[in-house]
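Open the model in your viewer and keep the sequence beside it. We will go from stop to stop, selecting as we go.

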Amino acid sequence: MQLQDIYIYPIKSLGGIRRTNETALQRGFKFDRRWMLVDEMGKFITQRVEHKLALLRTEISPDKIYISNKIFPDQGTEIAINQLSDTTLKVSIWDDTTIVNHLNENLDLWFSKFLGKPCKLVYMPENGLRAVDKRFAMNNEQLSFADAFPYMLICQASLDDLNTRLTEPVGMDRFRPNLVISGTKAYEEDLWSEIKIGNIYFKVAKPCSRCILTTVDQDTGIKGKEPLYTLAKYRTINNKVMFGQNLIAMNEGKISVNDTVEIISYR
């Protein structure tokens with residue numbers, strides 16, 4: 001088994017970036033979901049409601065993140081990675097409330113114009129506090145703006161199996177994984193308890209429950225009913241549709257595409 005793909009999503013619910021290697025930290029990959037859009041009340045904004053966020057592509061350089069519109073590529077903006085401010089905001093993401101940095105009004109205006117409603121861009125500092133659910137945490141791990149866990153893994157064979165059941169196949173981008181594994185059977189990840197990728201150990205915390213975001217076409221921003229409709233027929237557990245696994249990193253360091261994946265223990 002090998003690590004086939006690494007993905008990061010610097011701004012929550014915007015386009016992902018495929019990486020050949022990345023630094024795995026307790027909070028998630030180094031630049032994964034460190035930025036997020038919030039509304040005027042400080043509530044997080046995602047593709048679940050704002051489907052058109054799928055149209056925003058992200059790219060990254062050592063010092064900047066570039067955002068562009070897939071349909072109108074000349075419409076874009078950029079974020080200085082080290083751009084911080086002394087302005088803090090209290091924001092909410094699911095059941096959590098945390099203090100974050102607000103960047104600047106120019107970025108707010110750009111995203112507000114794109115969405116057609118007021119919003120702000122915020123940043124999760126490295127000392128930000130948002131804890132992983134205590135039922136699954138191993139060492140009081142902290143989160144970025146990811147939904148619930150620092151990492152999400154899917155086996156390529158699982159997507160391949162799903163696509164045999166669909167009239168129109170979907171891409172892995174519908175599920176927004178951080179880690180894609182090749183050389184397995186479909187849904188083999190359901191059986192794992194602890195794995196090692198390169199020199200990084202991961203605890204497989206729990207299956208990932210899927211939502212309507214998976215039904216948003218990442219090329220058009222248009223919502224349909226698949227693949228959630230088909231997944232629900234054979235991947236429903238306790239009224240939740242499961243696909244992929246949530247992970248917690250047990251140590252930190254660099255991992256790379258083509259690293260060997262070892263199963264340390266099974267459930």
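Which residues does Thr214 touch, not counting residues up to four places away in sequence? Select Thr214 and look around. Thr214 touches Arg174, Phe175, Glu226, Pro227 and Leu228. Contact here means heavy atoms within 4.5 Å.

Before moving on, two notes. This is a predicted model, where local features need pLDDT of at least 70, side-chain atom pairs count only at pLDDT 80 or more, and totals for chains, interfaces and linings use all residues. Residues are numbered from 1 along each chain as its sequence is written, and side-chain values use heavy atoms, with hydrogens and water left out.

**Stop 1: around Thr214**

Stay on Thr214. It is found in the loop between β15 (200-209) and α3 (228-234). Helices (H or I, at least four residues) and strands (E, at least two) are DSSP runs, numbered from the N terminus. Is Thr214 buried or exposed? Thr214 counts as buried because its relative accessibility is 2%. Buried means under 20% relative accessible area, exposed over 50%, and partly exposed in between (1.4 Å probe, protein chains only).

Now show Cys211. Its backbone oxygen lies 2.9 Å from a polar atom of the Thr214 side chain. The C-alpha atoms of Thr214 and Arg176 are separated by 8.6 Å, and the two residues are 38 apart along the chain.

**Stop 2: Gln47**

Select Gln47, in the loop between β5 and β6. Gln47 is buried, with a relative accessible area of 0%. What touches Gln47, leaving out residues up to four places away in sequence? Show Ser13, Leu53, Ala54, Arg176, Leu213, Val216 and Gln218.

**Stop 3: helix α1**

Select residues 105-115, which are helix α1. Colour Leu107, Asp108, Trp110, Phe111, Ser112, Phe114 and Leu115: these are buried. Next, show the cover. It includes β5 (35-38), β6 (56-60), β7 (64-69), β8 (76-80), β10 (96-102) and β11 (120-123).

Zoom in on the start of α1. A side-chain oxygen of Asn104 reaches to within 3.0 Å of the backbone nitrogen of Asn106. Then go past the helix to Gly116, which follows α1 and has a positive phi, near 80°.

**Stop 4: two hairpins**

Select β6 and β7. They run antiparallel, joined by five bridges. Two strands pair if DSSP finds at least two bridges between them. The hairpin has three residues between β6 and β7. Find Arg57: its bridge partner in β7 is Ser68.

A hairpin of six residues joins β7 to β8. This pair is antiparallel too, over five bridges. Ser68 has Gly76 as its bridge partner in β8.

**Stop 5: a three-stranded sheet**

What is the strand order in this open sheet of three strands? The order is β4-β3-β18, with antiparallel pairing. β4 (28-29) and β18 (253-256) stand at the edges with a single partner strand each, so one side of each has no neighbour in the sheet. Select β3 (residues 21-25): it pairs with β18 over four bridges. Pick out Thr23, which stands opposite Lys254 in β18.

**Stop 6: Tyr201**

Last, select Tyr201, which lies in strand β15. Tyr201 counts as partly exposed because its relative accessibility is 31%.

Notes: A polar contact is a pair of N or O atoms within 3.5 Å; within protein, one must be able to donate a hydrogen and the other to accept it, and residues adjacent in sequence count only if both atoms are side-chain atoms.
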